Structure formats: C-alpha cells, structure tokens
Amino acid sequence: MSSTDRYIPDRLQSPLQRRLKSWETLLLAVAVAIFTFNAFASPYFLNAWNLSDATFNFTEKAMIAFAMALLIIAGEIDLSVASIVALASTAMGAAAQVGASPATLVMIGLTVGVICGAFNGLLVTAMGLPSIVVTIGTMSLFRGISYIVLGDTSYGGYPAGFKFFGQGYVWWVFSFELALFAVLAILFGVLLHLTNFGRAVYAVGNNPVAALFSGIRVNRVKFILFLLTGLMAGVASVCLTSRLGSTRPSIGFGMELEVVTMVVLGGVNILGGSGTIPGVVIAAFVMGLVTFGLGLLNVPGIVMSILIGALLIGVIALPRLWGMWRG
Amino acid sequence: MIRRYLQSREAILSAAILVLIAVIALRFPAFITPANLANVFNDTSPLMILAIGQMIVILTKCIDLSVAANLALTGMVVSLLNIAAPDLPLAVTLLVAVSLGAVLGMFNGILVWKLNIPPIVVTLGTMTIYRGIIFLISKGKWVNAHEMSAPFKALPRHVFLGFPVLSWIALAVILIAIVVMTRTTLGRAFYAVGGNPHAAVYTGLNVGRTQFWAFTISGALAGLTGYLWVSRYAVAYVDIAGGFELDVVAACVIGGISIAGGVGTVGGAVLGALFLGVIKNALPVINISPFWQLAISGAAILIAVVLNSRANRTRGRIILKQTEPVA
C-alpha cells in the first residue's frame, strides 16, 4: 500500500525486457513524439540554428540537475540552487566592476558556488538538520545577500572575453554550453554508475543506517554531494551571467523548481535510492523541446509553467493511477 | 507548571520579540505606541492566518508550498467576481473565497492521500499551476482599485471596537485554531499522525485522510487570506504574494514547529509570524533598506532550526533510578 514497500521478485526479467520497460525508454519515446509533433506544428522548428537556440532552455538547468539528481538519490534535496546562482552572479558582477579578467570571474563564480554548497552541507551533516528546511533558509539568505548588495540596481559591463561561456560556439551550431552539458553528462554518468562513490550514493539513499554499518561515511558522501551541487550552481551561474550579460538579484528566480522537475521527470525517486543520469539527460531534452516548441507557437511563458507543474505531478501520478486501475 | 511554561518555546519566543521591540524602542520610542503595535499586528495578520494553516500541514509531516499561489488565485477570482457582480453580498464573496481555497487545498490533499505523492512535489507543482491559472483567467491584466466595489475594499479596513476587521479575523482564526488543535479529536489526530504514523494507524486513524484535511484547512485559510489580501491592497495581479510561502514556512520554523511532524502549537506559529512581522515593520523605521528583509528572514529560519534541533535533542529518559548502594 505504502510506497516504501519493496517487493523482491522470484525471477528477474531479462535485461532486454527490463530495458524496454524502463522509465528512460518511455521518456525517450515521449521526447521523440514531442520532436515529431513540433516539427509538424511549426515550420521554424527543423532549423539547425533554431534547435541550437532551443538547447539554451535547458543546458544551465540540466548542469545543476545532474548534481541534484545525485543529491536526491542520496535522500537529500537542495532548494537553494537558484539563489546560489544569484549570489555567484552578484559576486562575479561586483568583481567585473573592478576590472577582473574572465578567468578570475569564472573562478569567483565557482568558488562562491562551492562555499554556498559547503554551507548547506555543513548545516545538514554536521548539525543533523533536515535539508529541506536548511535550504529553504539558505534560499532566502543567499538571494537576500544579492538583494542587499544590488537592491534595485544591476551589474553589467562584463569583459568581452567573458561572453564566450554563454554565447560562444565550439563548432558550427554547437554552443559552448551544449558541449559543457555533454561533457558534464558523461562525467556525472560515470561518477554515479561506474564508481564506488556512485554505489555509495545509492546505498545512502536506500538505507543510511545500513550504509553506515557497511562502512560508508554517510555524512561525508552527503557533504560532497552538497559541495558538488553548489559547484554546479556556480557553473550554471557563469553560463547564465555570461549569456545575459547582466546581473540582477532576481536572476534565475524559480530555477530550483525546474531543476527538481527535471530530476523527477528523469525518473529519480524523490524519496531517494533510485534514478539514473541518462534519465535526467532525456528529461532535460523533453523539457527543452516542450518549452521551445510552445514558444514557437507563441504560448506565453507562464502558461508553459502550468505545463511544467502538471508534468511534475503527472509523471509521478500517472504510473500510480495506472497501477491502481490495473491493481 | 509555571516553570515548564517559562522554559517553553513560546515563552522564549515571546521574550525574544519583547527584546526586539525594546531594542527598537530605545532608538525610536514611537515604535511602541499602542497604535503602532496594533498596526504591526494588523499588518502581520495574513502571515499569522497562513502560518496556522501551514502549521497543521507540517504537523502531519507534510508541507504546503502552494499557499501563496492559492491566495493569489483566490484573490483574483473574487476580484473578477466583484467586477462581474459588484452587488454580490460580502458574505457570498467570503464564502466563495474560503471554499475555492479549500478546493485548491483538497486537490493537494487528494494527490498526497490517494496517490501517495510526496507533498513537496505536489505543492511545488500546484504552486506553478495555480499561478499559471491566474494568468489564464485574468489574461495577465491587473484588477485595480477603481474596478473593485467600495464595500469589497472596505471590509478588512473597517474599524470595529478600535481594531480593523482584518485583525479581528486573525484573532478569530487563532482562537478557533487553539480550540480545534487542543480540544477536538481532529486536532489531536493531526498531532498523532505526525508524531508517529504507525501508532496512529493502530489507534484507528487514517493517516492519508488526516493529511487531506490538513491540506484542506490550509487551503481554506489561504483562500480567506486571498480575499483579505486583494481587498486590503485593492489590487490583484498574477504575482501578488510571490514567494510568500517561504515567509509562512519561516514563521512556522521560527515558531518551533518541527518539520519532522507532530510537534508545534498555534501559539508558536503566531509568535513566529509576529517575530517576522516586527522585523519587517521595524526595518523602515530604523532606516534599513527593505532589501535586507529576505536575508534576515533566511538567517532567522537557519538560527531557529539550529536552536530547535538543540532543544529537541533528547537526553534519554531515566525510567528507573539507579538503586542506592546498600550501606
């Protein structure tokens, strides 16, 4: 009855069967369907440059979502990521005013991200506080600091070399952000699925007590994941700031919702313990395609957010409704 | 008995609020005039009403992030209703507001109860859906003061026995909540379900249904506040009370309501709200930019949650005293 019940089947399904029935396959089918629908719905959709532009809809959020996926699999959550983006952007903006070089700016952005992540991680692991309350608090605190610094003003005047991270292209229509997204997807995929650390993440999320008794330093794993999430928020902040070319304290407002949606849509269990990086990657494409396709059809942003919200609830509700109907 | 009260959360918080007011009064004596304090109470009324609803939800181990969106949607609906039928009696308007809010809350509750979806996912989703619906029904337009009928706007500001009706409504909600939470089976059920869900099942309580009622009450109070909000500020648009859900959760956390469920009082929630209300009203008086408010409430949440965890750390109870060595 409750979602915590786990059944252990007598016989495992064959690998092929399991793969065909997996969440990722379903999601991929949805992505293909949306792509096809969009291609027919708008004549401007199948254009390499337009599609390239569309990737900006999700690359920054997806970078955070990779780290967030690991964090959620480990049974924690970080709602402060959008505020970390704002704080890191504010720090970079302040540095740009005194003539910092692009390399320095990137370092500052990443460092602020790591510090914020460490702050969250310390409160959660060292003090044993629930991550949802801590990060609701730091969500206000971090963005609050940006508001104190900036008020109703904004920072601009970033050096020309800084533009590359958000506006540059590596090759033909492939932007730097898209390339970074691909590299990070592989790195996080390897980290989660092929390393001891990745197994530890699943173990911590499934049963922290058992993980502790089997020799996993649970708090250290969680702390590292908060650091990683902070770092990725810093990376996203560099890209977003570079792309927009200005910093206001409201930058990236509400981004945490889309990041969490992306992670949950990607098949990560919000209660921890299961999920995959390929799932999150496909979810990123699904969300990017939906928003881009609707944008081409002149659907206003706020209406898209209804859809994102419905998607978030729907992807969890539909399988359960299906199960109830069949069960 | 007295000693227990002095050590209670409410006493400490009351003391903190009094100290805060005293410090402000040292520099700005005008702050402690009865008229101004009444004004602070009146200004904090919406937060207090919402914090009580949120408290009930948190008691049952859930969280309701959709309250501000619920408030805004209900506010918009009653405003549009007022334009369409200016002569509608206020009682009907109030009834519509409370019932619509309750229905929106029930939607959250059903998803949590029947489909077992984690409350944070449900309410993150409905938060954006409700905001989006406001845009759809208002087509993004504002409802301004001149479009609202005079009685519609007058109610919360109408002075009755020296206080505005808004304050009286908040007072009534507080009193009813105290009675319900301490003197009715439903009220005790909220505590039981959050304190120990398994034990609650064995005592014959339906955990999901109790959570459903918690969301319904939270929604109904959000709906009530929706009308009060738009009529008091005489404006309704998509973004009213944006981010207010964080203040509401903050008030609860500051008021000592444990996010793990089962622990908290109406008094705590009200004092938590008043604490934030005093800070918010004091900032302009002591000449600090209102941009500080977000960071201060973030810091207040973090300090409160750290203090809570210290206070709740059980030292283990001695059931049998060690026997005295027989001489």
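Helix 12 of chain A has 27 residues, and at 1.5 Å a residue these should span 39 Å. The expected span is 1.5 Å times one less than the number of residues. The end C-alpha atoms of helix 12 of chain A are 39 Å apart, which agrees. Helices here are DSSP runs of H or I with at least four residues, strands are runs of E with at least two, and both are numbered from the N terminus. The model is predicted: local features need pLDDT of at least 70, side-chain atom pairs count only at pLDDT 80 or more, and totals for chains, interfaces and linings use all residues. Residues are numbered from 1 along each chain as its sequence is written, while chains are lettered from A and ligands numbered from 1 in the order in which they are written.

Of the 27 residues of helix 12 of chain A, 21 are buried, so the helix is largely enclosed by the rest of the structure. A residue is buried if 20 or more other C-beta atoms lie within 10 Å of its own, exposed if 12 or fewer, and partly exposed in between, with C-beta atoms placed from the backbone. Gly245(A) follows helix 12 of chain A and has a positive phi, near 75°.

Helix 12 (residues 218-244) of chain A packs against helix 6 (residues 102-125) of chain A. Their axes come within 7 Å and cross at roughly 150°. Axes are lines fitted to C-alpha atoms, for helices over the stretch in contact, and angles run from 0 to 180 degrees between N-to-C directions. Angles over 145 degrees count as roughly antiparallel, under 35 as roughly parallel, 65 to 115 as roughly perpendicular and the rest as oblique. The crossing of helix 6 and helix 12 of chain A is right-handed. Right-handed means that the near helix is turned clockwise from the far one by less than a right angle, and left-handed anticlockwise. Residues of this contact comprise 14 nonpolar, 11 polar and one charged. Ala, Val, Leu, Ile, Met, Phe, Trp, Tyr, Cys and Pro count as nonpolar, Asp, Glu, Lys and Arg as charged, and the others, Gly among them, as polar.

A second pair in chain A is formed by helix 5 (residues 81-97) and helix 7 (residues 131-150), at about 25° with axes 8 Å apart. That makes helix 5 of chain A roughly parallel to helix 7 of chain A. Their crossing is left-handed. Contributors from helix 5 of chain A include Leu87(A) and Thr90(A), and those from helix 7 of chain A include Phe142(A) and Arg143(A). Nine nonpolar, four polar and one charged residues make up the contact of helix 5 with helix 7 of chain A.

Chain A gives 40 residues to its contact with chain B, and chain B gives 37. Residues are in contact if their C-beta atoms, placed from the backbone, lie within 7 Å. Helix 7 of chain A supplies the largest share of the chain A side, 14 residues. That side divides into 28 nonpolar, 10 polar and two charged residues.

In chain B, helix 12 (residues 244-254) is mostly covered, with 11 of its 11 residues buried. Among them are Glu245(B) and Asp247(B).

Asn298(A) has a positive phi of about 65° although it is not a glycine. Asn298(A) lies in the loop between helix 14 (277-296) and helix 15 of chain A. Asn298(A) is exposed, with 7 other C-beta atoms within 10 Å.

Terms used: Two residues are in contact if their C-beta atoms, placed from the backbone, lie within 7 Å.
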